[in-house]
Amino acid sequence: AFSPCTTKMDDYKIYDDDRSLGKTAPSIAGLKFLKGEPCDVNDGKLHVVIFVAQYDKGNYPAIAAFSELSDKYADVTFTAIFIDPKEETVNKFLTSKEDPTAVPPDVTFPVAWDGAKTAVEAYKAALLLPAITVPMAFIVDRSGVVVWRERFGQNYIVQKSQFPAQLEHVVKGEALISNGKAPVEEDSDDDDDVAEGDMSLF
């Protein structure tokens, strides 16, 4: 595991042989949608699925960034999946404007609630991930396959990530940026995808 002070940009890099890429994205149709029309990742459209949590304010900048991306790409369906235990917490987040410096002005795309961690566990299992950290986002193509994912943190925000560029490539039907195969490291463990700076681990 990495400390928030020593986490490097390469620690967030997704390589071409990432186990989640090329896997079928699990359905999210069974989740309760708190905002926007219910949707699913197997409807033949491009999707961006973002796992987030209200209780970790480190997620707020990512939510705001994805709101901007959703405004830019009208033909892509964005869904934020909140993993907070209580539905009322998420609803309060969506409606409260008491602290405009901490809460994005608006979540401009559909919001689903996964208090039971059903989607979290499904994505972990189907995509062979050791954990779902928040915020973490997936690009799902029109055939329902995960073609890109990234996790974000205090030192690795959406705007500095490869996610916007990769999404642009997917929308245009272009080849994605290649990072090659993951370097072989000695004494690596199953927690390579988790940093201590990411408080929400499931």
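Which residue in E5 is the bridge partner of Phe51? Met136 is the bridge partner of Phe51 in E5. This is a predicted model, where local features need pLDDT of at least 70 and side-chain atom pairs count only at pLDDT 80 or more, while totals for chains, interfaces and linings use all residues. Residues are numbered from 1 along each chain as its sequence is written, and side-chain values use heavy atoms, with hydrogens and water left out.

Helices (H or I, at least four residues) and strands (E, at least two) are DSSP runs, numbered from the N terminus. Buried means under 20% relative accessible area, exposed means over 50%, and partly exposed lies in between (1.4 Å probe, protein chains only).

Strand E2 spans residues 46-52. Seven of its seven residues are buried, so E2 is largely enclosed by the rest of the structure. In a regular strand, side chains alternate between the two faces of the sheet. In E2, Leu46, Val48, Ile50 and Val52 point one way. His47, Val49 and Phe51 point the other way.

Two strands pair if DSSP finds at least two bridges between them. E2 pairs with strand E3 (residues 76-82) in the parallel sense, over seven bridges. Within that pairing, Val48 has Phe78 of E3 as its bridge partner. From E2 the chain passes through helix H1 (residues 60-72) to E3, and this β-α-β crossover is right-handed.

## Aromatic pairs

Rings of Phe, Tyr and Trp (its six-membered ring) pair if their centres lie within 6.5 Å; planes under 30 degrees apart count as stacked, over 60 as edge-to-face and the rest as tilted. The count comes to eleven aromatic pairs. One of them joins Phe51 and Phe138 edge-to-face, at 6.1 Å centre to centre and 80° between the planes. This pair links distant parts of the chain, with Phe51 in strand E2 and Phe138 in strand E5, 87 residues apart. Phe51 is buried at 0% relative accessibility. Phe138 is buried at 0% too.

Tyr60 and Phe93 form a tilted pair, at 5.1 Å centre to centre and 50° between the planes. Tyr60 lies in helix H1 and Phe93 in helix H2 (residues 87-95), so the pair ties together parts that are 33 residues apart in sequence. Tyr60 is buried at 5% relative accessibility, and Phe93 is buried at 6%.

Elsewhere, ring pairs link a cluster made up of Tyr12, Phe66, Phe152, Tyr156 and Phe163.

## Ser70 in helix H1

Helix H1 also holds Ser70. At 11% relative accessibility, Ser70 is buried. Its side chain joins that of Thr108 through a polar contact of 2.8 Å. A polar contact is a pair of N or O atoms within 3.5 Å; within protein, one must be able to donate a hydrogen and the other to accept it, and residues adjacent in sequence count only if both atoms are side-chain atoms. Contact in the wider sense means heavy atoms within 4.5 Å. Leaving aside neighbours within four places in sequence, Ser70 is in contact with Phe78, Thr108 and Phe109. Phe78 is also the bridge partner of Val48 in E3.

## Salt bridges

A salt bridge is a side-chain nitrogen of Lys or Arg within 4 Å of a carboxyl oxygen of Asp or Glu. The count comes to five salt bridges. The table gives some of them.

| Salt bridge | Closest N to O |
|---|---|
| Asp18 and Arg149 | 2.9 Å |
| Glu121 and Lys124 | 3.7 Å |

Asp18 and Arg149 form a salt bridge with N and O atoms 2.9 Å apart. The pair links distant parts of the chain: Asp18 sits in the segment before strand E1 (32-35) and Arg149 in strand E6 (residues 146-151), 131 residues apart. Both Asp18 and Arg149 are buried.

Glu121 and Lys124 are three residues apart in helix H3 (residues 118-126), and are therefore separated by about one helical turn. Glu121 is partly exposed at 41% relative accessible area, whereas Lys124 is buried at 18%.

Glu168 and Lys172 are four residues apart in helix H4 (residues 163-172), again about one helical turn. Glu168 is partly exposed at 22% relative accessibility. Lys172 is exposed, with a relative accessible area of 53%.

Methods. Right-handed = clockwise from strand over helix to strand, strands pointing away.
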